[in-house]
Amino acid sequence: MKTITAIYEKGVLRLTQPIDLLEGTEVQVIVMTNEVSFPKGNAASILAAIAALPNETVDSEVIVAVDES
């Protein structure tokens with residue numbers, strides 16, 4: 001699996017770097033953005049939501065999963 005950054009423009013994901021794939025290769029895309037949503041609830045539920053966040057984030061990152069087997 002590779003992590004690749006892309007920019008979403010006019011309905012299309014544009015990769016910021018080339019990747020080595022054969023034409024027509026099917027990939028799975030997981031979109032992770034830097035949008036902030038604030039949890040609602042009591043302190044315990046808010047802390048649980050914070051603990052569940054990923055350790056690192058990148059602005060508007062898009063991950064393209066490629067099965068290289």
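From the N terminus on, the elements of the chain follow the order β-β-β-α-β, which gives 1 helix and 4 strands. Helices (H or I, at least four residues) and strands (E, at least two) are DSSP runs, numbered from the N terminus. The model is a predicted one, so local features need pLDDT of at least 70 and side-chain atom pairs count only at pLDDT 80 or more, while totals for chains, interfaces and linings use all residues. Residues are numbered from 1 along each chain as its sequence is written, and side-chain values use heavy atoms, with hydrogens and water left out.

As for confidence, the mean pLDDT of the chain (the predictor's confidence in each residue, from 0 to 100) is 79, and 72% of the residues reach 70 or more. Strand β2 comes out highest, at a mean of 90, whereas β4 (residues 62-65) comes out lowest, at 62. Where pLDDT is low, the predicted coordinates should not be read in detail.

Taken as a whole, the chain has 69 residues, of which 12% count as buried. Here buried means under 20% relative accessible area, exposed means over 50%, and partly exposed is in between (1.4 Å probe, protein chains only). The accessible surface comes to about 6100 Å², with 55% of that belonging to carbon and sulfur atoms; such areas come from the Shrake-Rupley method with a 1.4 Å probe, and for residues only the protein chains shown count as cover. Looking at contacts (heavy atoms within 4.5 Å) between residues at least 6 apart in sequence, 67% join residues at least 24 apart.

Now to the start of the chain. Strand β1 (residues 6-9) runs antiparallel to β2, and 4 bridges join the two; strands pair if DSSP finds at least two bridges between them. Within this pair, Ala6 stands opposite Leu15 in β2. The two strands form a hairpin with 2 residues between them. Most residues other than glycine have a negative phi. Lys10 counts as exposed, because its relative accessibility is 87%.

The side chains of Arg14 and Glu9 meet in a salt bridge, at 3.0 Å from N to O. A search of the whole structure finds 1 salt bridge, that is, a side-chain nitrogen of Lys or Arg within 4 Å of a carboxyl oxygen of Asp or Glu. Arg14 is partly exposed, at 41% relative accessibility, and Glu9 is partly exposed as well, at 39%.

Leu13 sits in strand β2 (residues 12-15). With a relative accessible area of 36%, Leu13 is partly exposed. Together with Tyr8, Val29 and Val31, Leu13 forms a nonpolar patch on the surface, with about 400 Å² of accessible area. Patches are made of residues with over 30% relative accessible area and no salt bridge, where like charges are joined within 9 Å and nonpolar side chains (Val, Leu, Ile, Met, Phe, Trp, Tyr) within 5 Å.

Further along, Ile19 lies in the loop between β2 and β3 (28-31). Ile19 is partly exposed, at 28% relative accessibility. Its C-alpha atom is separated by 9.5 Å from that of Lys2, 17 residues apart along the chain.
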